[in-house]
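I set out to record what I looked up in this structure, entry by entry.

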Amino acid sequence: MTKASCGLTAKQLEQCCGRWPGVTRDIKWGGDLVFSVGGKMFVVTPLDGAEGGRLSFKVEDERFLELTDQPGIIPAPYMARAHWVSVIEPQRFATSELEAFIRQAYTLVRAKLTKKMQAELGAWPAPSEKT
């Protein structure tokens, strides 16, 4: 795996999820880039690329312990109770793998929105379909 295919920069994150239905982008806590859907966060990263591009995102409840048992992933500070993880060593992971985690985080958060709000966002392809 080449270095270019590992990790995920803030710019790559923007390109990955910035075009998904209903996604908004905001700066919170003085320097974190936050992506939300329906006003609910699904991924956070330092805006300036500090901390090696750490990523925090929502995961499925049943995968939380499995993922936090892997090197380079810890329970997300302040958000672990909501089953969020922090990838503290994103260079350990393929860019495509990180993008898949973020896509799943979006899907999980979107699924918790009201049916009306989900309908207003429009169709969302199944995880096997490309966006």
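## Strand pairing and core

I noted at the outset that the model is predicted. β1 (residues 23–28) runs antiparallel to β2, and six bridges pair them. Between β1 and β2 I found a hairpin with three residues separating the strands. In that turn, W29 shows a positive phi of about 55°.

Next I turned to the other partner of β2. Strand β3 (residues 40–46) is joined to β2 by six bridges, and the two run antiparallel. Within this pairing, S36 has M41 in β3 as its bridge partner. The hairpin of β2 and β3 has two residues between the strands, and G38 takes a positive phi near 60°.

I then asked how many of the six residues of β2 are buried. I found that five of the six residues of β2 (residues 32–37) are buried, so the strand is largely enclosed by the rest of the structure. For burial I used a cut-off of under 20% relative accessible area.

My last entry concerns the largest nonpolar core, which holds 29 residues. The members that touch the most others are W20, F42, L55, F57 and I102. I looked up which elements supply at least two residues each, and among them are β2, β3, α1 (10–17) and β4 (55–58). The helix α3 gives the largest share of this core, six residues. As general background, I noted that nonpolar side chains tend to be buried together in soluble globular proteins.

Key
Residues are numbered from 1 along each chain as its sequence is written. This is a predicted model: local features need pLDDT of at least 70, side-chain atom pairs count only at pLDDT 80 or more; totals for chains, interfaces and linings use all residues. Side-chain values use heavy atoms; hydrogens and water are left out. Buried means under 20% relative accessible area, exposed over 50%, partly exposed in between (1.4 Å probe, protein chains only). Helices (H or I, at least four residues) and strands (E, at least two) are DSSP runs, numbered from the N terminus. Two strands pair if DSSP finds at least two bridges between them. A nonpolar core is a set of buried Ala, Val, Leu, Ile, Met, Phe, Trp, Tyr and Cys residues joined through side-chain atoms within 4.5 Å.
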